[in-house]
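Dear colleague,

Please find the structure below, together with a short account of what was found in it. I would be grateful if you could read the two side by side.

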Amino acid sequence: MGPIILSSYELATNADILQGTRLQTVPAGGILTFELQAEINNAANFFSVAIQMPNGDTPLNNVRVPACNPNTSGVIDERQNLTVSFPIMQGGHCVFSATETGTSTLSWRVTYTPGG
């Protein structure tokens, strides 16, 4: 089995982004990498995210996502984005949620790499 890469964007709050995707249940032990970029991150308009691992650990909880400069919806700029990786065991469901405050968009990419 090779990597699985999912990507999209959120226009509003989403409580479980991976629900209903190929990563709803992890096929084997490995690493999940999250790449996140907001369109806007100011006092009134931003996205925050949380990640809860299958064992209940919450390595990210209400973390604001950096914005792309200049504001460009749909762009994940590796020089400015938030990138984090976590080990994950087979069969687990990782709850990845995003909360919108004001008006913004969130671009995201999640990469599962088997074997970790």
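A residue is called buried when its relative accessible area is under 20%, exposed when it is over 50%, and partly exposed in between, with a 1.4 Å probe and protein chains only. By that rule C94 is buried, at a relative accessible area of 1%, and C68 is buried as well, at 4%.

The model is predicted, so local features need pLDDT of at least 70 and side-chain atom pairs count only at pLDDT 80 or more, whereas totals for chains, interfaces and linings use all residues. Residues are numbered from 1 along each chain as its sequence is written, and side-chain values use heavy atoms, without hydrogens and water.

With a disulfide taken as a pair of cysteine sulfur atoms within 2.5 Å, the count is zero.

Strands are DSSP runs of E with at least two residues, numbered from the N terminus, and two of them pair if DSSP finds at least two bridges between them. Three strands form an open sheet in the order β4-β3-β6, with antiparallel pairing. Its edge strands, β4 (60-64) and β6 (95-101), each pair on one side only. Between β3 (residues 46-52) and β6 there are seven bridges in the antiparallel sense; here F47 stands opposite E100 of β6.

The loop between β6 and β7 (106-114) holds T105, which counts as buried because its relative accessibility is 10%. Beyond its neighbours within four places in sequence, T105 has contacts (heavy atoms within 4.5 Å) with E10, L11, Q37, A38, E39, F47 and S73.

Yours sincerely

Technical notes: Helix = DSSP H or I, 4+ residues; strand = E, 2+ residues; numbered from the N terminus.
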